[in-house]
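Some labels given to parts of a protein rest on a cut-off.

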Amino acid sequence: MSTSKTLAFSSLAIHKTVKSPSPPFHQITSFSSPFLHFPFLSQRSTSALHGHKPPGASFSTNLAFDSSIDSQEDTVAQILTKPDRIERLMKMQRRKEPVREDGVTGAGAGARRWFPYLDLFRSGEIEVSSKEIIDVLDPYIMEARKERIQRAVSNRTYSLCLVVEGLTDFGNVSAAFRSADALGVQSVHVISCDSSKRYRDNRHVSMGSEKWLDIELWDSPAECFTALRNRGYRIATTCLGPNSVSVYELDWSQPTAIVVGNENMGISEEAICLSDLRCSIPMRGMIDSFNVSVASGILMHHAVCDRTSRLGCHGDLAPGESQILLAEFYLRHRESTIGILHEYAKRKGHYNMHSFNFGRL
């Protein structure tokens, strides 16, 4: 069984067209190459993308439309309880998991901040870069949608991630996902040791935020924490106790994984023992705990504020990373965009083959 299963879920929110400035981290080029013209898209597929087609494009009817992915019936519960969906929901190629042999963990290891994606999308044997993806898909996404995606990407970070352990009320899971997306925390991890009673669904709570997050599933705290440490994170479990420090005393500019636990039992003893530090939110009333989804939101919000105070901003992706994540978001925008990329790759492959044969003459 693989140590991690990464998810990217797809749905669509429709917005009215609004003029917006060009994105800060790439320049859209004209479709001058022979394989950058697309007389192949069906009217149905382009209307499914955003309700209109690019000027000058003519369409045939040979693009497959995957309604099973775009269906509103696909919920967070289905993502977390149907492992067979995981691989085919992946978009950009991911990096190999780093292996740490020096025994040093967390930010003190001096490792570069983790970023999961390669600048690579594969369509069969054809490789497509993030810039190509952006150039190809840009005309098929509304300006208002592009502006919103670009703004989200510019405020994303992998220096902070959320880990939820053993939650059985899916309303809480969905609310935690929604808070992570709203606060720019791109990476979310779910540890569930009892798959027979994992979740109860509440899609209205998540508001579709799972579509834009990198969600990884783990079978145990040890498996999850080992991978996160190898990526350079320190593990901070949230629990009350004499060894817990206030969240307001921590330096959140260091790569940190925030761990929250079960609604009834809290974080498991295994997770507490394996963590690097324990933290808590100071309580002022008669009750000594928050609802787990509320606690997640408070923790992430404070971490974002602390990072902004120390670093000047929360989003910290390098220009190349921003471009790759933008391409990933373009691909998640609608599952039918994958059909556009496959057709582009097909034409690119034919063009490269003709160029190679011509060069041999």
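Q: What must be found before two strands are called a pair?
A: Two strands pair if DSSP finds at least two bridges between them. The model here is a predicted one.

Q: Why are strands S4 and S9 called a pair?
A: Strand S4 (residues 157–165) and S9 are joined by five bridges, in the parallel sense. The rule asks for at least two bridges and five are found, so S4 and S9 pair. Among the contacts, valine 163 has valine 259 in S9 as its bridge partner.

Q: Which strand do four bridges join to S9?
A: Strand S7 (residues 234–238) runs parallel to S9 and is joined to it by four bridges. Arginine 234 stands opposite threonine 256 in S9, and threonine 237 stands opposite valine 259.

Q: What makes S7 and S10 a pair?
A: Three bridges link S7 and S10 in the parallel sense. The cut-off is at least two, so S7 and S10 count as a pair. Alanine 236 has leucine 277 in S10 as its bridge partner.

Q: How do you know that S9 is mostly covered?
A: In strand S9 (residues 256–260), five of the five residues are buried. Buried means under 20% relative accessible area. Thr256, Ile258 and Val260 point one way, Ala257 and Val259 point the other way, and all are buried.

Q: Which residues cover the two faces of S7?
A: On one side are Arg234, Ala236 and Thr238, on the other Ile235 and Thr237, and all are buried. In a regular strand the side chains alternate between the two faces of the sheet.

Q: Why is helix H4 called largely enclosed?
A: Helix H4 (residues 130–137) has eight residues and seven of them are buried, so the rest of the structure largely encloses it. Among the buried residues are Ser130, Glu132 and Leu137.

Q: Is cysteine 273 buried or exposed?
A: Cysteine 273 has 54% relative accessibility, and the label exposed needs over 50%, so cysteine 273 is exposed.

Q: What makes phenylalanine 115 and tyrosine 117 buried?
A: Phenylalanine 115 has 3% relative accessibility and tyrosine 117 has 0%. Both values are under 20%, so both residues are buried.

Q: Why is the pair of tryptophan 212 and phenylalanine 329 called tilted?
A: The planes of tryptophan 212 and phenylalanine 329 are 55° apart, and the centres 5.1 Å. An angle under 30 degrees would be stacked and one over 60 edge-to-face, so this pair is tilted. Tryptophan 212 lies in the loop between helix H7 and strand S6, and phenylalanine 329 in helix H11, so the pair ties together parts 117 residues apart in sequence.

Note on methods. Residues numbered from 1 in each chain as written. Predicted model: local features only at pLDDT ≥ 70, side-chain atom pairs only at ≥ 80, totals over all residues. Heavy atoms only, no water. Buried < 20%, exposed > 50% of the residue type's maximum accessible area, 1.4 Å probe, protein only. Phe/Tyr/Trp six-rings, centres within 6.5 Å; stacked < 30°, edge-to-face > 60°.
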